Amino acid sequence: MKEPTIKKVAYGIAMAIAIIIVHFIDARVYAMPPIFALFLAIFITYLGIVSINKFDRLDQPISRTNYNLINGVVVLVLFIAYFKISG
């Protein structure tokens, strides 16, 4: 595996934010057809990745331990947010 960078963590955070936003809209604002929700999540993730790629400072390497810890926290926040929005 390549060296972990802050940019790779930011990609995961962008995807998590897109999923949370789409799930919130689907559960609380407007019940979307699943295919539309999927395309909306892909579009929001794409916008996040495009904006992340504009920052060259995010190419800094980080330790594998920090990379795994941050990814674990992102997954935990995604899990908690999903069930808080549903409930």
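Is lysine 7 buried or exposed? I looked this up first, and lysine 7 turned out to be buried, with a relative accessible area of 12%; for my own use I note that buried means under 20% relative accessible area, exposed means over 50%, and partly exposed lies in between, with a 1.4 Å probe and protein chains only.

**What I am looking at**

I am working with a predicted model, in which local features need pLDDT of at least 70 and side-chain atom pairs count only at pLDDT 80 or more, while totals for chains, interfaces and linings use all residues. Residues are numbered from 1 along each chain as its sequence is written, and side-chain values use heavy atoms, with hydrogens and water left out.

**The chain as a whole**

I looked up the secondary structure and found three helices and zero strands, in the order α-α-α from the N terminus on; helices (H or I, at least four residues) and strands (E, at least two) are DSSP runs, numbered from the N terminus. The C-alpha trace spans about 40 × 25 × 20 Å along its principal axes. Of the 87 residues in the chain, 24% are buried. I also noted that the chain exposes about 6200 Å², of which carbon and sulfur atoms supply 72%; such areas come from the Shrake-Rupley method with a 1.4 Å probe, and for residues only the protein chains shown count as cover.

Next I turned to contacts, meaning heavy atoms within 4.5 Å. Among contacts between residues at least 6 apart in sequence, 81% join residues at least 24 apart.

**Helix H1**

For helix H1 (6-29), I checked the length against what is expected, which is 1.5 Å times one less than the number of residues. The 24 residues of H1 should span 34 Å, and the end C-alpha atoms are 33 Å apart, which agrees. I then listed the buried residues of H1, which are Lys7, Val9, Ala10, Ala14, Ala16, Ala18, Val22 and His23, and I saw that they pack against H2 and H3.

**The salt bridge**

How many salt bridges does the structure hold? I found one, where a salt bridge is a side-chain nitrogen of Lys or Arg within 4 Å of a carboxyl oxygen of Asp or Glu. The partners are lysine 7 and aspartate 59, whose side chains meet at 3.2 Å, N to O. Aspartate 59 lies in the loop between helix H2 (34-53) and H3, and lysine 7 lies in helix H1, so the pair ties together parts that are 52 residues apart in sequence. While lysine 7 is buried, aspartate 59 has a relative accessibility of 41% and counts as partly exposed.

**The loop between H2 and H3**

I also looked up glutamine 60, which lies in the loop between H2 and H3 and, at 43% relative accessibility, counts as partly exposed. Leaving aside neighbours within four places in sequence, glutamine 60 is in contact with Pro4, Thr5 and Ile6. For a distance, I took glutamine 60 and tyrosine 30, which are 30 residues apart along the chain and have C-alpha atoms separated by 40 Å.

**Helix H2**

Which residues does threonine 45 touch, leaving aside its neighbours within four places in sequence? I found Ala14, Met15 and Ala18, and I noted that threonine 45 is in helix H2 and counts as buried at 16% relative accessibility.

Isoleucine 44 is also placed in helix H2, and beyond its neighbours within four places in sequence it is in contact with Ala18, Ile21 and Val22.

Phenylalanine 43 lies in helix H2 and counts as partly exposed at 46% relative accessibility. From C-alpha to C-alpha, phenylalanine 43 is 19 Å from valine 9, and the two are 34 residues apart in sequence.

**Helix H3**

Last, I checked helix H3 (residues 64-86), whose 23 residues should span 33 Å at 1.5 Å a residue, and its end C-alpha atoms are 33 Å apart, which agrees. In H3 I found Tyr67, Val74, Ala81 and Ile85 buried, and what covers these buried residues includes helix H1.
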